[in-house]
Amino acid sequence: MVEPETQPQDPMKSVSDQKAESEPVEDPEKKKKKEEKARDKELKKLKAAQKAEEARLKAQQASNTPKVGKRKNLKKEGGEENPEDYVDPETPFGEKKCLSRQMAKQFNPSSVENSWYAWWEKSGFFVADSSSSKPPCVIVLPPPNVTGALHIGHALTCAIQDTIIRWRRMSGYNALWVPGMDHAGIATQVVVEKKIMRERKQTRHDVGREKFVSEVWSWKNEYGGTILKQLRCLGASLDWSRECFTMDEKRSKAVIEAFVRLYKEGLIYRDLRLVNWDCILRTAISDIEVDYLDIKERTLLKVPGYEKPVEFGVLTSFAYPLEGGLGEIVVATTRVETMLGDTAIAIHPDDPRYNHLHGKFAIHPFNGRKLPIVCDAILVDPNFGTGAVKITPAHDPNDFEVGKRHNLDFINIFTDEGQINSNGGPEFVGMPRFKAREAVTAALQTKGLYRGAKNNEMRLGICSRTNDVVEPLIKPQWYVSCNSMAKQALDAVFDEKVKKMEIIPRQYAAEWKRWLENIRDWCVSRQLWWGHRIPAWYVTLKGDELKELGAYNDHWVVARTEEEARIEASRIFSCKQFQLAQDPDVLDTWFSAGLFPLTVLGWPDDTDDLKAFYPTSVLETGHDILFFWVARMVMLGFKLGGDVPFRKVS
């Protein structure tokens, strides 16, 4: 070790001499004042200590003095206080708590709460009776996710609901508070994937689907048990005889039944549409899982999987050469890499600058594809930019609609991992999408087609779970048609003739209306392994030219079991040889959560609980999931249960 450098000292001088030389001589007057100050300080400390001691003795004397109106001292006359009198005797599990001879002088939560809940539960104090003649009061506990332990927000929710249910129970109601947990598809899978990577350096694909799902069940058993223990520690007066989990046997049966019934009524269908795609999770995600970042100008952001920050908030302009030597047409985009999937250029039909280009074509500079110039008054604003818009139907929601209106090609250029696929051309294939952004820009410059870049305000979709930039991607998915069900849910709150439900506070009714009046069909399939497997089987016929799963949209059969699917396939494709393969996707967690008020009471079976306790009385939850959970419960409750799932939402 290298010692720190020091100044050389004279070995002939004493330490005190050296110190004296190195320190300045202190002024005697200052020294005297400093000493007086120190003495005063010590004197004040001494006086304060004396006062504190006097106060302690005085308080002790007061506590030992018998007071009028106080309980008679139980101590033996002249005897000493026995500490064991303040200790609760051990209580056999489930028995009524054995109390100490004397009440402790200080409140100790663990001592007071110990044993009470086990006795309450064993005594059946919280169990509701479906045959009771008392008026029912029913609350379903919003099921906490199994991703971890409860937090203070859960405690607050439980306290509010427990207050309501205990008040009603004491008021003579047949009170039922149903406990449950949610499997939380994406959230739980992400947590377990991270755990496996951290502990074994493996992905779920290394482990395999069956073993991975087994790992998630182990996680659920560990953390689910913690949650149930916490609810008991909170003293929540839940009816544990009706405890449920969204992926237990009864709930899974109900989810499959709901999917099959809705499919047979034409309310569930499969279609090729744009979805919010997460390239890290490799699945579609719901709108609630997308956060939006407002960007004002050129901004560098860290994106998962990229070493260097990625540039956003820039509008890049480039030119497309026109067929027949007619010159060029300039377009602009914030996602220049998507030009590899362009299939048209749109102009406004009344824009005089482009009258001569109606019905003409541009030529793609990297693959020679002919891009028709289409007139679209809905999309194009002639006063914005150049008045010409590049159209990428497979990677932009607005362009998707243009593609349908003009019967354009839908060319997907990304793999599920967010890399350029073979449709993007050999020059860029295999590149991650944001590295391709730089490469495409450089290639346009080389070809002399680059026309510059400028700052541009934009909203960037970010996955709330992975922080990955959401990619609009065209994928075949399962959808629930929502229009008719949304109308019922809307009328249940606003139509006085059929009003069945109240939203408290009333101000949130406006949000309810906004969501349901502008509802879109609900994408319910997720490319995950943890969740309810979609009860749909793909039929591959012996003579099919394309053998990949899902190649023909009319080759799907929906059934409760594989045996039922085989019977249905034999009926549809009679006298033909075929193979069956179940859809590997799972259902959106909100689908099973939307059925929760029904399934906790035994639906689809016609149970006594369903007759006695549905609809429930009140739902106490957060306003942020008013649409994503509450509205879907109401829609599915109406459709499958014949009524709203609760009378009040608070």
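**Cavity, pocket and confidence**

A: The largest cavity is lined by V140, P597, T616, V618, L619, W629, M633 and F646. This is a predicted model, where local features need pLDDT of at least 70 and side-chain atom pairs count only at pLDDT 80 or more, while totals for chains, interfaces and linings use all residues. Residues are numbered from 1 along each chain as its sequence is written, and side-chain values use heavy atoms, with hydrogens and water left out.

Q: What is a cavity here?
A: On a 1 Å grid over the protein atoms alone, a cavity is a set of points where a 1.4 Å probe fits but cannot get out; a pocket is an open set with protein on both sides within 12 Å along at least five of seven lines. Lining residues have an atom within 4 Å of a point.

Q: What volume does the largest cavity have?
A: About 40 Å³, a volume being the space filled by probe spheres set on the points, with grid points joined across faces, edges and corners. The count is one cavity of 30 Å³ or more.

Q: Which elements supply its lining?
A: β26 (616-619) and α18 (626-641) supply at least two residues each. The largest share, three residues, is from β26. Helices (H or I, at least four residues) and strands (E, at least two) are DSSP runs, numbered from the N terminus.

Q: How many lining residues are nonpolar, polar or charged?
A: Seven are nonpolar, one is polar and none is charged. Ala, Val, Leu, Ile, Met, Phe, Trp, Tyr, Cys and Pro count as nonpolar, Asp, Glu, Lys and Arg as charged, and the others, Gly among them, as polar.

Q: OK, pockets. What about the second largest pocket?
A: The second largest pocket has a volume of about 900 Å³. Its lining has 37 residues, with P143, N145, H154, W590 and I625 nearest its centre. By class, 20 are nonpolar, ten polar and seven charged.

Q: New topic: what is the average pLDDT?
A: The chain averages 89, and 92% of the residues score at least 70; pLDDT is the predictor's confidence in each residue, from 0 to 100. Over residues 1-25 the pLDDT is below 50, and beyond near neighbours in sequence this stretch has four contacts (heavy atoms within 4.5 Å) in the model.
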